[in-house]
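The entries follow in the order in which I looked things up.

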Amino acid sequence: MDRRNFLNLAAVGGGAVFVAGLPGCANMGATDKTANSSFYFVQLSDIHWGYKGPDNPDAAVTLGKAVATVNALDVQPDFIVFTGDLTHTTDDAVERRRRMIEFKHIVADLRVKDVHFMPGEHDASLDRGAAFIEHFGATHYTFDHRGVHFVVLDNVSDPGAKVGDEQLVWLEADLAKLDKVAPIVILTHRPLFDLAPKWDWATRDGAKVLQILMPFRNVTVFYGHIHQEHHHMTGHIAHHSSKSLIFPLPAPGSQEKRTPLPWDPAMPYRGLGFREVDANPQSASYEIKEFTVVRA
Amino acid sequence: MSIPSRRLALQRFGAMIVAAGAAGLMTKGPRAEAQTGRVIEIEARRFRYTPNEIVVKRGEVVTLALRALDFAHGFNLPDLNLRADLIPGQVVSVRIQPMQSGRFAFLCDNFCGEHHEEMSGTLIVET
């Protein structure tokens, strides 16, 4: 039974389903029997391990509960991505590394061992990614899965929220190897478009990234940073942000300050969660299903 | 932002806020330079601008003299499509002439630490 059929039969509730991407795409180079077949992955984001404050008095256990919920999924994902802000920032370089070690220790309990990490500004901006690289490896890289080309972009190691010219050249060279209809997924932390510049919800040179991506017909972006689900199109490119695992933030630009939504003891973890992304490489389409930290 | 889109943004906001032209918006260096109108000094330190409310009259030519004390903060006033990097030890002068009243947010857009998200302020343009 494949993932899509399983979901149809299981009819699990509690989350919105959103369909993104455009039809008509197929990767022509695959040869093995699993290539181009549908699969799903899990996206977790904005954990802020090390945060202590009133906006999440359960911060010390929220990540562990989310790991348990992922482990309890009926069918395990092919892989898991963490789209940044794994840790809450600190000026103390020793403490930063301690938080990263603790984070790794907790997520080591995930049943799925194929896990891809990327930094957020809380992880990487104060030391230009040095501690992150020590503990998680490169801040930008690619991988391929069943005909889908995944590109992890780093728009946080530069404290000015820039991808930077060097990475732009790298991106352009990487994509040059692909067919224009190849299914491409971009994983990054900040929005690549100007979602709410007055809240710093943007990438300073994001327009250059989108310019490079624009000739490719099947591009979808999954990101974090804004602590809520959000969907947006720039031309034919779909952008989907994920909820966080620490505290939700208000709708983009909806108020003067981007202050976190207050913790509600009557409804702990409200507004927090993670998502499944059900990918169909043949059509370059992606179904998103949102999950709460603890399944009802 | 690409150069063409920056030009478009300047044109769009030109109806609201007129500055001294893209090339003349920002000058780096000593404030001894010739400046027109009132000068408002603003200090940037983690995680606050002082003052963080700037009140000007509509149509008034004002120079914002920005000085970072402890970090290479940013100064971004998105509604004017105007930003600058504030290098500690330097004064960055930004000349504006707002032509529409209202409240316009500015913020530090160089990540500077735990309370970076709180480092913001408001330009209040009165009629």
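I looked up A:Ala284 and found it in the loop between β11 (274–280) and β12 (285–291) of chain A; helices (H or I, at least four residues) and strands (E, at least two) are DSSP runs, numbered from the N terminus. The model is predicted, so I kept to its terms: local features need pLDDT of at least 70, side-chain atom pairs count only at pLDDT 80 or more, and totals for chains, interfaces and linings use all residues. Residues are numbered from 1 along each chain as its sequence is written, and chains are lettered from A and ligands numbered from 1 in the order in which they are written.

The phi of A:Ala284 is near 50 degrees, a positive value in a residue other than glycine. A:Ala284 counts as buried because it has 26 C-beta neighbours inside 10 Å. The cut-offs, with C-beta atoms placed from the backbone, are 20 or more other C-beta atoms within 10 Å for buried, 12 or fewer for exposed, and partly exposed in between.

I then noted A:Ala161, with phi near 60 degrees, also positive in a non-glycine residue. A:Ala161 sits in the loop between β6 (148–152) and α6 (165–175) of chain A. It is buried, with 24 other C-beta atoms within 10 Å. Most residues other than glycine have a negative phi, and most peptide bonds are trans.

In chain B I checked the peptide bonds. The one joining B:Arg46 and B:Phe47 is cis, with omega about 5 degrees. B:Phe47 belongs to the loop between β2 (38–45) and β3 (48–50) of chain B. The bond from B:Thr50 to B:Pro51 is also cis, with omega near -5 degrees, and B:Pro51 is in the loop between β3 and β4 (53–57) of chain B.

Next I followed strand β5 (residues 62–68) of chain B, which is largely enclosed by the rest of the structure because 5 of its 7 residues are buried. β5(B) pairs with β2(B) in the parallel sense over 7 bridges; pairing requires that DSSP finds at least two bridges between two strands. B:Glu41 has B:Ala65 in β5(B) as its bridge partner. With strand β8 (residues 91–96) of chain B, β5(B) pairs in the antiparallel sense over 6 bridges, and B:Val62 stands opposite B:Ile96 in β8(B).

Last, I looked at the cores (sets of buried Ala, Val, Leu, Ile, Met, Phe, Trp, Tyr and Cys residues joined through C-beta atoms within 7 Å). The largest nonpolar core has 68 residues, and A:Leu44 and A:Ala66 are among those with the most contacts inside it. A second, separate core of 27 residues includes B:Val62 and B:Leu64.
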